[in-house]
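Please keep the sequence and the model in view while reading.

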Amino acid sequence: METVPKPGSNVPPKKDRLQAKKKKPRRYWEQETTGTAAGASPGPPRKRKRNRELRPQKPKKNDTSKKFRISKKPRELKSPGHQRSLSGAQDPFAGPAPVSVEVVQKYCRIDKSKEVPHPKTKTRSRLVAAEAQEEETSVRAARSELLLAEKPGFLEGEDGEDTAKIRQADIVEAVDIASAAKHFDLNLRQFGPYRLNYSSTGRHLAFGGRRGHVAALDWVTKKLMCEINVMEAVRDVRFLHSEALLAVAQNHWLHIYDNQGIELHCVRRCDRVTRLEFLPFHFLLVTASETGFLTYLDVSVGKIVAALNARAGRLSVMTQNPYNAVIHLGHSNGTVSLWSPAMKEPLAKILCHRGGVRAVAVDPTGTHMATSGLDHQLKLFDLRGTFQPLSARTLPQGAGHLAFSQRGLLAAGMGDVVNIWAGQGKASLPSLEQPYLTHRLSGHVHGLQFCPYEDVLGVGHSGGITSMLVPGSAEPNFDGLESNPYRSRKQRQEWEVKALLEKVPAELICLDPRALAEVDVVSLEQAKKERAERLGYDPDATAPFQPKPKQKGRSSTASLVKRKRKVMDQEHRDKVRQSLEQQPQKQEKAKPTRARPSALDRFVR
């Protein structure tokens, strides 16, 4: 019951006091409600809104197919007007942030200039959906560039100073302590000369000496993983898909070791190996031997996929194209041949030098190839179908070893000197006029490789191993899902499983990998034409004969098939008869007419 206040007291009733306590305070963004004037009669009570829960609602359709459906047309993000937030403030930059068209085109992978002539409705819809998905993916990739915090560095001289005169000691003094620790020298003259190889993550380094010394270490922390002496000449070393496996080309056979130095396999079918290459997306270990054979070994199943005879003598110059996984071999006759395990003959042959080829290197984009020969020439070739030389330079000493970095820098080892040439940026042609950096070593160079994701050049020479600092040579940002240098053992195992599931078959290696996703219109039309010429008629030109149904048991299955075959045989005979009648007319037109008969006409058939 409500308590009635005593007359003359200003104490409100109990119910009014409870309502005053429950009343929420007014925020600054809420509009002021105009209260009733003192002494004014209160207006009629406001009508309460009906309870929406009492209304019968239509059940929502749980169509899971719409969730994964790809729209055929790209979504147009409508720019909404100034929306008011909870605080009442207006967003001055409503809608998604604008993206530069040039950045979007950099990530676009579909060439819209090539169109399929007269595609079917289903094919056209799939192509439109694929283009829409690719466009949305490229826009997202362009927006994610803001997350790439690291930027590539470079070395610039002051007031026209030549950067080639800057020594490694000067660079070490100018950089920070962490970068200065990446420059080191390993004095290993007892077992040299050395060949070296970095892992795909750029964290581990493996090297092998000619006199049997093999070691692997984490070169960032200088932690030694394994060190053995195989008591046999070592010609090349190569990491496999991870730093846990190491392939060593010894004097007689190919050996596989783990990161503890324990021998796991001895592949005797790969004998007298001189060079090794590993294709990471195909899990193929490629070997070049003294006998002239190029062998592809699938390390995931342990089988030899292909053994090709190059027929060019001893193979001592080999490299891979990271773009399409094609192997480049340099020969003593001055040519470079391109090989794929799907073909027994080379895909192409390029005449590069007048003398023998000493070194070959291909940039990561697969656009340019650098070669050096016995004629002391250093040449750059275009690999985009023309295979023409773009630039050349005569060196005082022929370059015996070449290597490209992730950003297009070219390193050449000439005796005990290493020269590095740089271009204008990534995927640009290096300028051979003036070297970017020059460094003299304590021994002759026998191996070169740029470290992935680090501005470091590893050099193996007769005196040991040298790690050089080359600013601006590597990509500053890495993909943590593909090659993470800080991954744990569990993450490495999961990555191996995913990489095996996504392994590319060896039969798909070709010069142009984009041709695998295109429709071969020319071959399809040629096949139809050959089939029509072989049969004498085009089976797809007219609709097949459909016999009319008859009564009294004459429409059985056997009788229908018999009538169809009879009509088809009759049409075939007519087509063949017409083609035979047209053949003599074509021969008479093709036969040349002479004014006088000749005595040699009797020999003409």
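## Cysteines

Is Cys-226 buried or exposed? Cys-226 is buried, at a relative accessible area of 7%, where buried means under 20% relative accessible area, exposed means over 50%, and partly exposed lies in between (1.4 Å probe, protein chains only). Cys-266, by contrast, is partly exposed, with a relative accessible area of 30%.

Zero disulfides turn up in a search of the whole structure, a disulfide being counted as a pair of cysteine sulfur atoms within 2.5 Å. For Cys-266 the closest cysteine sulfur belongs to Cys-270 and lies 10.0 Å away, which is too far for a bond.

## Basis of the model

The model is predicted, so local features need pLDDT of at least 70 and side-chain atom pairs count only at pLDDT 80 or more, while totals for chains, interfaces and linings use all residues. Residues are numbered from 1 along each chain as its sequence is written, and side-chain values use heavy atoms, with hydrogens and water left out.

## Overall architecture

The secondary structure of the protein chain consists of eight helices and 28 strands, taken as DSSP runs (helices H or I, at least four residues; strands E, at least two) and numbered from the N terminus. The protein chain has 605 residues, of which 35% count as buried. Among contacts (heavy atoms within 4.5 Å) between residues at least 6 apart in sequence, 46% join residues at least 24 apart.

## Nonpolar cores

The largest nonpolar core holds 32 residues, and Val-418, Ile-420 and Leu-457 have the most contacts inside it; such a core is a set of buried Ala, Val, Leu, Ile, Met, Phe, Trp, Tyr and Cys residues joined through side-chain atoms within 4.5 Å. Several strands each supply at least two residues of this core, among them strand S2 (194–198), strand S24 (417–421) and strand S27 (456–461). A second, separate core has 29 residues, including Leu-279, Ile-350, Met-369 and Phe-381.

Leaving aside neighbours within four places in sequence, the contacts of Leu-457 include Tyr-198, Val-418, Ile-420, Leu-448 and Met-468.

## The second largest pocket

Helix H4 (residues 168–174) gives the largest share of the lining, three residues. By class the lining has 19 nonpolar, five polar and nine charged residues, with Ala, Val, Leu, Ile, Met, Phe, Trp, Tyr, Cys and Pro counted as nonpolar, Asp, Glu, Lys and Arg as charged, and the others, Gly among them, as polar.

## Two loop residues

His-241 sits in the loop between strand S6 (234–239) and strand S7 (245–250) and counts as buried at 13% relative accessibility. Apart from neighbours within four places in sequence, His-241 is in contact with Ser-200, Phe-278, Phe-283, Trp-495 and Glu-496.

Ser-405, in the loop between strand S22 (401–404) and strand S23 (410–414), is buried with a relative accessible area of 1%.
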